Amino acid sequence: MKKGKTMLCLGLTAALTIVPLFQNNVASATEYSKIIQPVHNKKIDFTTNQAVSLAVEWSKTSAYVQRGGDYKNGEYKTFKQNGKTYRYLSSSIDTKKELLALLGKSLEPAAAEQFIKNQGIISYNGKLAQVEADGGSLLNWTKAKAQLIKSESKSKVFRLTVPVGDSKTTQSYIVEYKYTKKIGWRISKEPILDINNVMNDALALDLATKYGKAESYIQKGGAYREGEYKTFSHDGKTYRYLSSDIDTKYELIAYLKQSMTPALAEQFFKERGIIEYKGKLAQLEADGGSMAQWAKSKVEFIKTVKDTKFYRVTVPFGESGDVLMYIVEYQFEDKAGWRVSKAPYCDLDIPGNVNPAFIFFNYLLVDAKVVKEQFLASSTFNVEEFRKGIKKVEFQKMTEVNRSDNQVEFLVKFTAQLAPGYKGPLVNGENLMYFYIQPTGSMQFKIDRIGTVSWQ
């Protein structure tokens with residue numbers, strides 16, 4: 001199918017805002033004991049406040065470990081192992097004894113051991129190390145609300161509802177706790193997402209916005225530090241390395257998975273033409289940008305099909321007042337929650353009364369100006385020439401026969417009554433024509449071209 005003008009449908013980009021975990025409240029390993037009082041109650045009673053406090057402790061410890069701890073000057077060192085770049089943990093947690101002691105403030109021993117395995121932490125040359133990556137989260141555990149859902153004398157299960165950043169959206173987690181005589185109450189399993197997490201308009205918009213921001217961030221290469229932007233020539237083209245926070249596939253995929261399912265993140269990576277060159281990711285040198293204002297969008301739930309939820313997201317563009325509607329699909333990931341599962345695509349469900357093919361036949365013999373307005377400015381279709389010799393035309397049926405992400409193809413059946421000596425492409429009686437239609441705004445569509453029309 002010939003591609004026409006894609007209008008506003010391409011490029012879901014926006015400026016990226018990175019929100020660090022626990023702004024202005026980053027604690028070192030030695031300070032963790034001051035954050036909350038260890039739960040060493042002589043009684044086995046366990047309150048919702050204690051449940052939240054332990055979860056906060058765990059979240060801070062988890063973030064601390066994921067970023068490798070707090071490095072002293074000259075302490076940050078990396079090495080290659082099995083094709084991956086590892087970094088040693090900071091000196092405060094670079095032995096298993098030290099790391100378990102830190103984790104033990106919120107996790108019971110078995111859970112602490114499991115956490116180390118889950119993080120892929122290894123011992124190398126006598127020190128602990130992990131794959132090089134940044135740890136971070138938008139979850140505000142300090143404002144979590146706890147609900148007891150199962151209680152036994154020495155074990156409890158709570159549902160913790162946690163705000164996401166400064167938005168009104170939340171994520172629910174199931175957290176299990178266990179009482180041990182020598183250490184008191186501790187988390188016995190890492191918090192897991194509640195499978196009953198509710199998908200709502202606010203979360204749908206939040207994820208769609210993050211997707212748009214992620215696409216913009218990648219297109220401009222990330223956020224370069226001073227002196228970090230470097231280019232090179234490869235296969236006759238100029239490439240630039242991505243910024244250091246996303247210049248490995250592990251880091252880039254981890255970043256993308258904040259808003260996308262793993263499958264979509266992998267697809268996104270492949271389709272952006274990103275290559276690995278001398279151990280780092282790079283892309284063709286280009287500027288990324290868009291006037292799409294995802295944060296000001298409006299969302300509307302459409303339907304649920306099996307495990308996928310569909311939303312219509314109406315996105316403003318610039319200050320012109322133009323908007324465009326996208327369909328965004330979401331799926332639930334066990335370890336992450338709801339995520340965008342398919343790249344947002346234009347809403348091409350065209351109501352009959354605004355379909356330009358329908359308007360074309362209604363006005364063909366009535367008002368040529370209205371008919372001309374149904375075409376893209378780039379179209380070369382000659383309305384005046386086409387309607388010469390047509391005495392009557394009657395629309396009968398329109399059927400969608402194909403669609404892409406930015407265009408719909410319709411087959412229209414109609415009847416025509418022609419004047420004697422008519423030399424155009426139509427015949428007296430029943431005719432068929434193809435219309436290729438693209439969106440140009442909110443509930444606005446134009447004809448790109450007409451098929452099966454051959455001038456005599």
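In the predicted model, the face of helix α4 that is turned away from its buried side carries the exposed residues Ala 110 and Lys 117. The buried residues of this helix, which spans residues 109-118, are Ala 111, Ala 112, Phe 115 and Ile 116. Seen down the axis of α4, these buried residues fall within an arc of 145°, so they line one face of the helix. The partners against which the buried residues of α4 pack are α2, α3 and strand β8 (184-193). The helix is followed by Gly 120, for which phi is positive, near 65°.

Two of the elements that receive the buried residues of α4, namely α2 and α3, also pack against each other, with an angle of about 150° between helix α2 (residues 48-66) and helix α3 (residues 96-103) and with their axes 10 Å apart. Because angles over 145 degrees count as roughly antiparallel, α2 is described as roughly antiparallel to α3. Thr 61, Tyr 64 and Val 65 of α2 make the contact with Leu 99, Leu 102 and Leu 103 of α3, and by class this contact has five nonpolar residues, one polar residue and no charged residues.

A further helix pair is formed by α5 (residues 201-219) and α6 (residues 249-256), which pack at an angle of about 155°, with their axes 10 Å apart; that angle makes α5 roughly antiparallel to α6. On the side of α5 the contact is made by Lys 213, Ala 214, Tyr 217 and Ile 218, and on the side of α6 by Leu 252, Tyr 255 and Leu 256. The residues of this contact divide into six nonpolar, no polar and one charged.

Turning to the strands, an open sheet is formed by four of them in the order β9-β10-β12-β11, with antiparallel pairing. Strands β9 (231-234) and β11 (275-277) stand at the edges, each with a single partner strand, so one side of each is left without a neighbour in the sheet. From one strand to the next, the twist averages 45°. Within this sheet, strand β10 (residues 237-241) and strand β12 (residues 280-284) run antiparallel and are joined by three bridges, and Tyr 239 stands opposite Leu 284 in β12.

Definitions and conventions:
Residues are numbered from 1 along each chain as its sequence is written. This is a predicted model: local features need pLDDT of at least 70, side-chain atom pairs count only at pLDDT 80 or more; totals for chains, interfaces and linings use all residues. Side-chain values use heavy atoms; hydrogens and water are left out. Axes are lines fitted to C-alpha atoms, for helices over the stretch in contact, and angles run from 0 to 180 degrees between N-to-C directions. Helices (H or I, at least four residues) and strands (E, at least two) are DSSP runs, numbered from the N terminus. Angles under 35 degrees count as roughly parallel, over 145 as roughly antiparallel, 65 to 115 as roughly perpendicular and the rest as oblique. Contact means heavy atoms within 4.5 Å. Ala, Val, Leu, Ile, Met, Phe, Trp, Tyr, Cys and Pro count as nonpolar, Asp, Glu, Lys and Arg as charged, and the others, Gly among them, as polar. Buried means under 20% relative accessible area, exposed over 50%, partly exposed in between (1.4 Å probe, protein chains only). The arc is that of the directions from the helix axis to the C-beta atoms. Two strands pair if DSSP finds at least two bridges between them.
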